[in-house]
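I opened the model today to look up a few packing details. My notes follow in the order I took them.

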Amino acid sequence: MTAKIKEFPGTSLNEQDFSDGKILYNFDKLNGAFSWDTGIGIGAYLASLKNGVILGSHCKTCRKIVVPPRIFCEWCFRPMDEFIPLQDTGIVNTYSLCYVTWDVQRIKDPEIPAVINIDGASPLHGIMHMLGEIDPQEVKIGMRVQAVWKPAHERQGSITDILYFKPAKEN
Amino acid sequence: MGMRKVAVVGAGMTKFVRRAQETPKELSWEAAHMALDSCEMTMDDIEAVCLGTAPDAFDGIHLNGEYLSDGAGAWRKPYMRSYVGGGTGVFVPIQGWYHIASGLFDVVMVVAEEKMSSFYPHAQAAFLTIFDHITERPLKPNLLWIFALEMNRYMTTYGISKADIAQVAVQHKRNAADHPCSLLGDADITVDDILNSEVLAWPVQRLDVSPVSDGAVAVILAAEHIAKRITDKPVWIEGVGWHLDTSYWTNRDLAYPRYVEYAARMAYDMAGIKEPRKEIHIAEPYDPFDYKALHHLEGLQLAERGKAPELYSDGTASRTGNMPICPSGGLLGVGNPIAAAGLMKIAELFWQLRGEAGLRQVPGQPRRGLAQAWGDLMQVGTVVIMGR
């Protein structure tokens, strides 16, 4: 079929078409405001962060400790058995050196998002957070890290109560 | 299983462009109209319509399926829109397939459309809401993170280099140079061009990424008795599969897409395929990022874990190789209007298996091909196997 067709539909526009005023468009901004309830599982997680503890939950049927905690196990679809406090240390599962912010501004010093496997949770169970107090070129997958918390009186019960994770001393 | 045979009998597509003058409806109509023309059918022959399009946030239009319905030819017909993120483009033909395989309809039109350019200033921001609104979004993530994190884990687990991965972008963009609808086809691109492009979120660089695009694709599906009346060369849908992994993406093995494996096994079972590496002649794995093509080839059992780059370095994956991969040019080359990009892979297999792919034609009269897409928060796999 593509062999038989000479001309495909679809008209490509470029910047010139807009600056020449050849193309009409309607600009509008949608405004949405939301207030999300945190629920039981994540609510417990955030309350626990406020106290300087990373919380997981334990499914005895699947023998899994997951983080963030939830009240039901998506594997066996039963209720989780208990919330379990985990360590605030872990291992870098993977990371990126990101030179673009969320709104696509270029930055010189990269942000370092990472997935961190939390000590006390099942293998390969972690959370996404940031790394800090480290030279970006020194970051390695498999390195041990430790949470740096906001001072207790500034914590709000948010994932940002952990400022970032920094390299931890090997034991 | 008492399911009827279903064939693809027609296909149409628009060019994939950075910004199209046409509205989403107009693009849909262009592709649908061309698909009907290609098999000399009219809307009177179409009994039901399936539409695939990505989140309403792209268009800023609530209930986008309803907005697009007239352009997709849905008026006065049973109509349904499905959406599984990036996996939509290969899921929507599956939906069309079960409409017919079940015996409910004989002829169904499947349309996939995406117009990403309306989102201002850049469609990337429309993806931000895929991160968890309570535990992740306060960290101000951008979409690249998720790919950069997965890519780094994949590279480190298997000791794969950036240059190994760049071969994928090179080959797909070169293939796309022969596609009349492509946005980023480039016959002369080299591995160095990829490795020297701007670093966005290491290890992801500018040319590792497929472009934001506008476009639409449509295919016509028919039950066996109709298909044989319409064409001498129906292309049968021999197997379909889809599968979902946990949405807690940081609680999952990021180096291996198990959900793709399960989707593929479902499709291979249905198609009676025992040795996919011998029985699949053309593979169109989903390639929004170059490493994703490799990741998916491993999930599809078309390469050993960590060994997919060898398919590219030893020539197996090239258009004249033993198992050409993305002869269309894929998302990296043709473009990535999300849902339309997945359905483009189905259209490509249709043209390839009929021997109508022009300059892109894979030699040796290929008999069977596979298309795959992936999406949601990195955890849905959709697979279709087609044969003649």
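Entry 1, a helix pair in chain B. I am working from a predicted model. I looked up how helix 6 and helix 11 of chain B lie against each other, and they are roughly perpendicular, because an angle between 65 and 115 degrees counts as such. The angle I noted is about 100°, and the axes are 7 Å apart. Helix 6 covers residues 162–176 of chain B, and helix 11 covers residues 290–299 of chain B.

Next I wrote down who makes the contact. Helix 6 of chain B contributes Ile165(B), Ala166(B), Val168(B) and Ala169(B). Helix 11 of chain B brings Asp290(B), Tyr291(B), Ala293(B) and Leu294(B). I sorted the contact residues by class: 7 are nonpolar, 1 is charged and none is polar.

Entry 2, a sheet in chain A. I traced 5 strands of chain A in the order 8-7-4-9-10. The sheet is open, and its pairing is antiparallel. Which strands stand at the edges? I found strand 8 (126–130) and strand 10 (162–167) of chain A there. Each has a single partner strand, so one side of each has no neighbour in the sheet.

Strand 4 (residues 89–95) and strand 7 (residues 113–118) of chain A run antiparallel and are joined by 5 bridges. Within this sheet I looked up Val92(A), which stands opposite Ile116(A) in strand 7 of chain A.

What packs on the sheet? I found helix 5 (residues 143–158) of chain B there, touching strand 4 and strand 7 of chain A. The direction of helix 5 of chain B makes about 95° with that of strand 4 of chain A.

I counted 2 helices and 10 strands in chain A. Is chain A spread out or compact? Its radius of gyration is 23 Å, well over the 16 Å that the globule rule gives for 171 residues, so I noted chain A as more spread out than a compact globule. I took the box along the principal axes too: the C-alpha atoms of chain A fill roughly 65 × 40 × 40 Å.

Of the 171 residues of chain A, 33% count as buried. Among contacts in chain A with a separation of 6 or more, 52% come from residues 24 or more positions apart.

Terms used. Residues numbered from 1 in each chain as written. Chains lettered and ligands numbered in written order. Predicted model: local features only at pLDDT ≥ 70, side-chain atom pairs only at ≥ 80, totals over all residues. Axes fitted to C-alpha atoms, helices over the stretch in contact; angles between N-to-C directions. Helix = DSSP H or I, 4+ residues; strand = E, 2+ residues; numbered from the N terminus. Parallel < 35°, antiparallel > 145°, perpendicular 65-115°, else oblique. Contact = placed C-beta atoms within 7 Å. Nonpolar A, V, L, I, M, F, W, Y, C, P; charged D, E, K, R; others polar. Pairing = 2+ DSSP bridges. Rg over C-alpha atoms; globule rule 2.2 N^0.38 Å. Buried ≥ 20, exposed ≤ 12 C-beta atoms within 10 Å, placed from the backbone.
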